[in-house]
Amino acid sequence: MTIIKLFCFAHAGGSAMGYSRWRKLLGPGIEICPLELRGHGPKTGQPFYDSVQAAVEDLYPALVKEAGTDPYALLGHSMGTLLVYEMCRHIKRMGFREPVASVFSGRTPPHVVRDRKQLHELPDQEFKDEIRALGLTPDEVFEHAELMAMFLPIIRSDYRLIETYAYGEIAPPLTSDVFVWTGKEDELTRERMDEWAQVTSGQCHYREFKGGHFFLYEQTPAVIATLQKDLMAASGSGATAIQSRPPIRGGYA
């Protein structure tokens with residue numbers, strides 16, 4: 001059986017190791033390969049990155065080594081979508097083969113300019129109030145002082161990566177298929193969704209799930225079933241053709 005290696009990036013404040021829980025749920029054709037940022041999860045204590053591009057350049061050798069000659073795919077949620085997109089661009093620049101598919105979950109396309117103040121520069125209490133109001137961080141983090149003390153430098157660093165990200169020059173489009181995921185109740189991630197199609201000359205497929213910004217955790221069985229089906233089809237390992245749906249309109253952040 002062909003094995004697809006799925007390289008995963010986490011949301012702001014999260015750990016890529018969180019995707020490891022999917023290993024028991026996925027079929028034998030997909031192997032989860034978390035790509036952990038410095039300062040997160042098992043890399044806690046390591047210095048944070050200064051930019052999304054620096055993170056991508058640092059993690060690229062590990063991706064190439066782990067991918068080997070196997071087909072592979074990329075998946076990122078929220079902040080992780082920026083890392084997936086920039087990793088795809090870096091892969092093209094470096095001449096490595098592109099992934100069979102990329103999954104962009106819970107975020108607007110990278111070229112969409114968003115007018116937002118620099119939250120990462122705020123004092124601690126204001127910063128906590130702002131990010132809690134956004135609803136993009138699990139509530140339980142704010143309810144435990146010790147957890148919050150450990151979490152605050154990580155989430156501040158991640159927001160610095162997001163808020164200082166620059167799309168830069170227009171790049172040649174990707175050539176692989178892309179899958180765009182959103183939650184039905186996630187009002188921050190539904191506007192201009194159709195513009196994800198601009199990042200690739202391949203097919204762009206839209207998937208909508210019940211739930212809010214963290215639908216990956218709220219609707220895990222549906223997410224896993226969709227992921228399994230789509231990646232198998234994108235790699236040519238599945239017999240089911242991929243069906244693409246029209247983009248969903250709404251309001252985004």
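Predicted model: local features only at pLDDT ≥ 70, side-chain atom pairs only at ≥ 80, totals over all residues.
Residues are numbered from 1 along each chain as its sequence is written, and side-chain values use heavy atoms, with hydrogens and water left out.

The protein chain has six helices and six strands, where helices (H or I, at least four residues) and strands (E, at least two) are DSSP runs numbered from the N terminus. Read along the sequence, these elements follow the pattern β-β-α-β-α-β-α-α-β-β-α-α. Of the 253 residues of the chain, 51% count as buried; buried means under 20% relative accessible area, exposed means over 50%, and partly exposed lies in between, with a 1.4 Å probe and protein chains only. Among contacts (heavy atoms within 4.5 Å) between residues at least 6 apart in sequence, 77% join residues at least 24 apart.

In soluble globular proteins, nonpolar side chains tend to be buried together. A nonpolar core is here a set of buried Ala, Val, Leu, Ile, Met, Phe, Trp, Tyr and Cys residues joined through side-chain atoms within 4.5 Å. The largest such core holds 49 residues, of which Leu-63, Leu-74 and Met-87 touch the most other members. At least two residues of this core are supplied by each of several elements, among them strand E1 (4–9), helix H1 (52–67), strand E3 (72–77) and helix H2 (79–94), and the largest share, eight residues, comes from H2. With neighbours within four places in sequence left aside, Leu-63 is in contact with Phe-7, Leu-35, Tyr-72, Leu-74, Met-87, Ile-91 and Phe-96. A second, separate core of 22 residues includes Leu-6, Leu-26, Ile-30 and Ile-224.

Ile-32 lies in strand E2 (residues 30–34) and is buried, with a relative accessible area of 4%. Although Ile-32 and Leu-6 are 26 residues apart in sequence, their C-alpha atoms are 5.0 Å apart in space. Beyond its neighbours within four places in sequence, Ile-32 is in contact with Leu-6, Cys-8, Tyr-19, Ser-20, Trp-22, Arg-23 and Leu-26.

Glu-86 is placed in helix H2 and counts as buried at 3% relative accessibility. Not counting residues up to four places away in sequence, Glu-86 touches Val-52, Gln-53, Val-56 and Tyr-165.

The axes of H3 and H4 come within 11 Å and cross at roughly 75 degrees; axes are lines fitted to C-alpha atoms, for helices over the stretch in contact, and angles run from 0 to 180 degrees between N-to-C directions. H3 is therefore roughly perpendicular to H4, a term that covers angles of 65 to 115 degrees. The contact is made by Asp-124, Phe-127, Lys-128, Ile-131 and Leu-134 of H3 and by Met-148, Leu-152, Ile-155, Arg-156 and Tyr-159 of H4. These residues divide into seven nonpolar, no polar and three charged, where Ala, Val, Leu, Ile, Met, Phe, Trp, Tyr, Cys and Pro count as nonpolar, Asp, Glu, Lys and Arg as charged, and the others, Gly among them, as polar. Pro-153 is also found in helix H4 and is partly exposed, with a relative accessible area of 42%.

Note on methods: Parallel < 35°, antiparallel > 145°, perpendicular 65-115°, else oblique.
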